[in-house]
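Visitor: Please take a close look at a single helix in this model, and then place it in its surroundings. I would like one connected account.

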Amino acid sequence: MKNSFISTTLDKNNIFGQGNSKKWREEIIKFSLFLCATLSVLTTFAIVWVLISEARIFFQHVPAFDFLFGTKWTPLLEPRSFGVVPLVCGTLIIVFGTSLIALPVGLATAIYLSEYSTSRLRSILKPVLEVLAGIPTVVYGYFALTFITPLLRELFDEVQIFNAASASIVVGIMVLPMVASLCDDTLRAVPVSLRQGAYAVGATKCEVILGVVVPSSLSGIMASFLLAISRAIGETMAVTLAAGASPNMTIDPFVAIQTMTAYIVQVSLGDTPQGGVAYQTIFAVSALLFVITLSMNIFSGRLLKRFREVYE
Amino acid sequence: MISRNLTNRYVIAKIFHGFCFTVAWSGVLILGVLLFHVTQEGIQWLDLQFLSDFPSRFPAKAGIHSALIGTLWLISLTALFSVPIGIGAGLYLEEFTKKNRIRQFVDLNISNLAGVPSIVYGMLGLVIFVRWFELNQSVLAGSLTMSLLILPVIIISTREALRAVPNTIRQAAFALGATRWQTIYAHVLPAAFPGILTGIILALSRAIGETAPLIMIGALTYVAFVPDGPMDDFTALPIQIFNWASRPQQQFHELAAAGILVLLIVLLLMNSIAVFIRHRLEKKSR
Amino acid sequence: MNANQLANVLSKKKKEVEDKIVLQAHNLNISYDNELAVKDVSIDIPEHSITAIIGPSGCGKSTLLRSFNRMNDFILGAGLEGKVLYRGIDLYGKDVDPVEVRRKIGMVFQKPNPFPKSIFDNIAWGPLINGYPKKGIYELVEKSLQAAALWGEVKDRLKSSAMALSGGQQQRLCIARALAMDPEIILMDEPCSALDPVSTAHIEDLMFELKQDYTLVIVTHNMQQASRVSNFTAFFESGYLVEFGETQNIFTLPKNKRTEDYVSGRFG
C-alpha cells in the first residue's frame, strides 16, 4: 500500500522542504500565547509600581518611621496622626482569632479525611468544604453581624455590636477549608510504608498519626497555616462589616477595632479628597499589606517545596 | 501492667477519633446553620418584585434589579477578557516552555499573584483603569480589574488540567509529524477541557462574590439604573448586599439576606451548568 | 555451483544490500544530562528489511531508535553528537525540520497509545493535517487498516472509540495510523512487549508483510522474536554496538564473545 500524497514536498530530490505557511501560522500562535503569559508577569510589576509611586506621595509628607511605629491613627481628623500600629494590631487580633479556630479544626478535619473517613464519607465532606470555601466573603460578614454577634452578646455581657471576635470566627470558618484541603494533601503524601512501620512496633492509630504521620508532614502543614494566615490578613469584607471602624490598640476581642483592609474600605467609601495626604494613606497601608502577605506567601511556598522534595 | 497501659491508650485513641470526627462534621453543621439563617431572614423578601425593583430608601420598595443586571454585565465582560488570556497563558507556560530559571520565576510570580489580597487588585484597578485609562467607574474598569484578579487562578487550573493529559498522546501525535500546536489543538486541549472548564467556573464564581476591588474602583453603592454599555456606571450584587448589611435597620438586614439568596442561587446555577457540561463532555469522550 | 561461484554470488548480494542503505548512524554519541547512553555507534540500516536491535535493558536501544526520528528532541538534557543520515541527508542538519522528518520516519510505541477518539479519526487525523484531500480519506483509512490486518475486525465500527479495542488491536491500530502517513521507515520500540502471545504472533506476521514496502527497525528484548522476524540484528550492550550482521549469523555464529553469551542466555 503506497500513496504518494507527501511526494510534493518530500520527493527524492527535495526530501526535506519546509512547509512555509504552516510554520508561519505556528509562530503567530506561539507568539500570541506568549503575550498572554507575559501579561501575568506584567501584573506583578504593575502592582509594585502603583504601590510605590502612590505611597511615595504619602511618604513625602510623613516619615516612614512615624508611619510604621506610631501608635495613633487619626489621619482623617485633626490633629492628624499617622501611626499605623493600631491598624496592624487590629489585623493581628483577627489573625490570632482566626488561627485559633481554623488551624486546629482544619488540621483535625484533614486528619479525619485522610486517616479515618471512608471514601463515601469523604465524597460528602469534601464538597461541603468546597462550598464553604466558595461562599462570598460579604456573606460571611453578614453572618458575623447578624448571627454570631447576637449569639456572643447573649453569652457574654461585655460584647459590643462591632467586635473582633465575631469577625475572627467567620474568617476562621472561611479559611478552614483551605487548611483542611492542603493538610489533607500533605498527610496523604506520607508513604504507607511509614505508617506500617509504626503499626508494626505496636502503636495505636492515634499514636501513629500524632507520632509519625503529622510530624513527617510538618513543613506542609506549616505551609498551609501560613497561607491561611496570609488570607486572614488580606480579608476585607467580613471585618469591615463586623469588626468595626475604630482603630484601637487592644487585646480585648469583644470591642470594636479596625483592620488595615477595613480602613482602606472606609476611606474609599467616604469623601476624602483625592491626592491629599489623608487619601494617600490608603496606598501606604496597601503597600504594607502587600509586603506582609507577599512575604508569607513566598515563605509558605518554600516550605511546601521542601516538603515535596522529601517525598518525591 | 502492660494490658492496663494498653487499655488507656485505646481509650485515648477512641477519644481522638471522636474528636476528629466531630470537628470534621461540624463543618457541615456550620454550613447548614449559615444557610438556614440566611434563608430564614431573607426568604420573605424574595419575590419577583424584589428582582425587578431598584434599591430605595424604603425597604418595602427596594429591589435588587440594578445589582443583578450589573453582576451579569460584570461577569460576562470578565469572562470575555480573562478566559482566553488565562487559557492562552496556561497553554504557553505548560506546552511551549522548558523548565528553566525563567519559567521558575514566572511560576513563582503567578502563585504569588494568586495570594495577593483582592483589595490590592482594587488599588491596581483604581490607578490604572479608572485613572490612567480614564475608564472611570465603569463596568469595563470593574471587569478588567476582576480579570486581573482571577487570571492567576485560571492559569494555575489550566496548567494542572494540561499536566493531567498523559504524555503518550502527545508522543503519538508528534511521531505522526504533527506540530506542537496541531497536537495541542486536536488532542491535548480536548482532553484537558473538562478540567479547564472547572477551573474557569471556580474563578468566575470567585469573581462574582468579590466586593473589595469593586469598592476601590468606585462602583457606586446606590444605583437606580442598569448599565446600557460597558462604559456606564454600575453596581453589583455583593456591593448591594454590603450596602444593606451596613445599615442599622433590621429590615435592611433582611433585604441583605434576600440579596444573598439571589447571589447564592446565581452561584449554584453557574456551578450546576458547569457540572452538566462536564458530564456531557466526559460522556462523549468515552 | 562451486566455491568461487558461491563467493561471487554472496559478494554480489552483499553489494546489492550495501547499495540500498536507507538510514545510517555515524559515530553517534547520545547523552542525557551529560551521561552517555549511546557511545560511538555507527550502523547502516538496509532498505526493505527488518533490522532488530537487541540487548539487555537500559543499554541504549530505545535512545538510538528515538534519535532516528528526532523524538529525543523532546527530552530535556538530551545531547547528540555525530550524524544520522537518511538517504545521505543529515537529519540533524540546520535546515531540516523535525516535523518533516517524522512524516517520513514513523514510530510505533511500546505501549499502544491510540488517541481517545474514534478508530476512523485516529487514522485520518495525521494525513488530514498534512493536507491529504478529504475526498480520499475514507479509502486511505480502509487501506491502512487492511495493511495492518485490522480491517476485518473493525470495519463495522469505525466510528466507535479506539479505547474500546483490545491491546493487540490497539497496537495494530497504531501501526495502521503510522502507515497512513506513508512513511519510508517504521521504527518500532518493543511493539509486542505489552501484548499477549496471540497478538504478538499477529503483529509478527504483519511485520513480514510490511517489509516488502517499508523498512522496519525494531527494538526488542525478545530474542526469539528477533531471530524469527528480522533480516539483520544489532546487539547492544551498555551503549555500545557490539555486533551487527545478518540475523542468522548473529544467532548461530556470533563473532563476539559477548554476543554469544547474550544470545545463548548466559546473561541479560
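Guide: The helix is H10 of chain B, residues 237-246, and nine of its 10 residues are buried, so the rest of the structure largely encloses it. The model is a predicted one. The buried residues of H10(B) are B:Leu237, B:Pro238, B:Ile239, B:Gln240, B:Ile241, B:Phe242, B:Asn243, B:Trp244 and B:Ala245. An α-helix has 3.6 residues a turn, so residues three or four places apart point the same way. The cut-off behind the word buried is 20 or more other C-beta atoms within 10 Å of a residue's own C-beta atom. Over chain B as a whole, buried residues make up 49% of the 286 residues.

The chain around this helix comes next. Chain B has 11 helices and zero strands, and from the N terminus on its elements run α-α-α-α-α-α-α-α-α-α-α. Its radius of gyration is 24 Å, well over the 19 Å that the globule rule gives for 286 residues, so chain B is more spread out than a compact globule. The C-alpha trace of chain B spans about 70 × 70 × 40 Å along its principal axes. Of the contacts in chain B between residues at least 6 apart in sequence, 76% join residues at least 24 apart.

Chain B is divided into domain 1 (2-45) and domain 2 (50-284). The centres of these two domains of chain B, taken over C-alpha atoms, are separated by 34 Å. Where the domains meet, seven residues of domain 1 of chain B are in contact with eight residues of domain 2 of chain B. On the domain 1 side, the residues that touch domain 2 of chain B divide into three nonpolar, three polar and one charged.

Chain B also meets chain A: 64 residues of chain B are in contact with 67 residues of chain A. Helix H1 of chain B, residues 2-42, gives the most to the chain B side, with 18 residues. By class, that side of chain B has 47 nonpolar, 15 polar and two charged residues.

Chain A has its own domain assignment, with domain 1 at 20-61 and domain 2 at 73-311. The C-alpha centres of domain 1 and domain 2 of chain A lie 31 Å apart. Their contact takes eight residues from domain 1 of chain A and eight residues from domain 2 of chain A. The side of domain 1 of chain A that touches domain 2 of chain A has six nonpolar, one polar and one charged residues.

On to the nonpolar cores. The largest one has 181 residues, and A:Ala144, A:Val170, A:Val179 and A:Ala238 touch the most other members. Leaving aside residues up to four places away in sequence, A:Val170 touches A:Tyr140, A:Phe143, A:Ala144, A:Ile148 and A:Ala238. Another core, of 82 residues, lies apart from it, and among its members are C:Leu187, C:Val219, C:Ala226 and C:Phe244.

Strand S9 of chain C, residues 232-237, is mostly covered, with six of its six residues buried. C:Phe232, C:Ala234 and C:Phe236 point one way from S9(C), while C:Thr233, C:Phe235 and C:Glu237 point the other way, and all are buried.

S9(C) has strand partners. Strand S3 of chain C, residues 50-54, runs parallel to S9(C) and is joined to it by four bridges; the bridge partner of C:Ile53 in S9(C) is C:Ala234. Strand S10 of chain C, residues 240-246, runs antiparallel to S9(C), with six bridges between them. Across that pairing C:Phe235 stands opposite C:Glu243 of S10(C). The hairpin of S9(C) and S10(C) has two residues between the strands, and C:Ser238 in this hairpin takes a positive phi near 50 degrees.

Chain C also contains an open sheet of four strands in the order S2-S1-S4-S5, with antiparallel pairing. Its edge strands are S2 (35-46) and S5 (89-90) of chain C, each of which pairs on one side only. Strand S4 of chain C, residues 78-86, is joined to S5(C) by two bridges, and the two run antiparallel. There C:Tyr86 stands opposite C:Ile89 of S5(C).

Methods: Residues are numbered from 1 along each chain as its sequence is written. Chains are lettered from A and ligands numbered from 1 in the order in which they are written. This is a predicted model: local features need pLDDT of at least 70, side-chain atom pairs count only at pLDDT 80 or more; totals for chains, interfaces and linings use all residues. A residue is buried if 20 or more other C-beta atoms lie within 10 Å of its own, exposed if 12 or fewer, and partly exposed in between; C-beta atoms are placed from the backbone. Two strands pair if DSSP finds at least two bridges between them. Two residues are in contact if their C-beta atoms, placed from the backbone, lie within 7 Å. Ala, Val, Leu, Ile, Met, Phe, Trp, Tyr, Cys and Pro count as nonpolar, Asp, Glu, Lys and Arg as charged, and the others, Gly among them, as polar. A nonpolar core is a set of buried Ala, Val, Leu, Ile, Met, Phe, Trp, Tyr and Cys residues joined through C-beta atoms within 7 Å. Domain bounds come from an automatic or database domain assignment. The radius of gyration is taken over C-alpha atoms; the globule rule is 2.2 Å times the number of residues to the power 0.38.
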